[in-house]
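Dear colleague,

I am passing on the structure we spoke of, and I would be grateful if you could look it over alongside the notes below.

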Amino acid sequence: MARIAYQGEPGANSDIVCRRHYPDAEPVPCASFEDVFAAVTSGDCDLAMIPIDNSIAGRVADIHHFLPDSGLHIVAEHFLRIQFHLMAVPGASLDTIRTVHSHVHALGQCRKVIRELGLTPIISGDTAGAAREVAEAADPTQAAIAPPLAADVYGLEILRPDVEDEDHNTTRFVLLSPEFVAAPADQGPVVTSFVFNVRNLPSALYKALGGFATNGINMTKLESYMVGGEFAATQFLAEVDGHPDDPSLKRALEELAFFTTDIKVLGVYPADPFRSQVQG
């Protein structure tokens, strides 16, 4: 049985993604992202499930810095519509609760219900951990905002479902493997992720990206990073629609190489069907 490492406690959103898309695998909770990467590189786990972007909060901090030097490769992506439920111990009600525990981002994404009920927010390390803390406290004045699975895992009752402020709250997860496994070029839409450093030349980035425009390549992500303690952003992470074996993308990558010092392909993987729904 494959073991998939994820950051968080049982019942977290990453746990939900693992169970939903890889029901025959064993989800393995880890305390931190560093522990997730270490679990795979050490061989303790076979794969890692990592959140990389959120439609409200943007990119997940630190992940893009870990990826290039992790030795791991993206082999799949999955989008999860984030649902947060307000939950508490059996016997509690909307009238008894006074505090609400959750991750800082979840609290920020559920401001309306917190304000409506007059609750005092208390920051926890993660959403599933907040549910566990509330269950262990067995205090009817405490509630948690957490994914639906957490209520089942920790024996809590849902006082109000779907308390997130926005109904488009979606997180993109990537499955990481120590092996580079490229998706076939002729079996549906493919995403290619890569990082590169631009040469220290005038208009280098403009020239480097020109090949994607002239070859009709759709670039869905471009993010810059400071490297080596310098404030000049010289490293970029990019994602494009297409396979490196496609003639147009192959030409674009060849042009990119002329203006960059290093290109590292992080993954060539099937596009999640969610992409076509959004783009359509």
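This is a predicted model: local features need pLDDT of at least 70, side-chain atom pairs count only at pLDDT 80 or more; totals for chains, interfaces and linings use all residues.

As a general background to both, nonpolar side chains in soluble globular proteins tend to be buried together.

Turning to the cysteines, a search of the whole structure returned 0 disulfides. For C18, the closest cysteine sulfur is that of C45, and because the two sulfurs are 9.8 Å apart, they are too far from each other for a bond. The sulfur of C45, for its part, has its closest cysteine sulfur in C30, at 5.8 Å, which is again too far for a bond. Both cysteines that I checked for accessibility are buried, C18 at 1% relative accessibility and C45 with a relative accessible area of 3%.

The last element is helix 9, which runs over residues 247-258 and spans 17 Å from its first C-alpha to its last, close to the 16 Å expected for its 12 residues at 1.5 Å a residue. Its buried residues include L249, A252, L253 and L256. Seen down the axis of helix 9, the buried residues fall within an arc of 100°, and therefore they line one face of the helix. On the other side of helix 9, P247 and F258 are exposed.

Technical notes:
Residues are numbered from 1 along each chain as its sequence is written. Side-chain values use heavy atoms; hydrogens and water are left out. A disulfide is a pair of cysteine sulfur atoms within 2.5 Å. Buried means under 20% relative accessible area, exposed over 50%, partly exposed in between (1.4 Å probe, protein chains only). Helices (H or I, at least four residues) and strands (E, at least two) are DSSP runs, numbered from the N terminus. The expected span of a helix is 1.5 Å times one less than its number of residues. The arc is that of the directions from the helix axis to the C-beta atoms.
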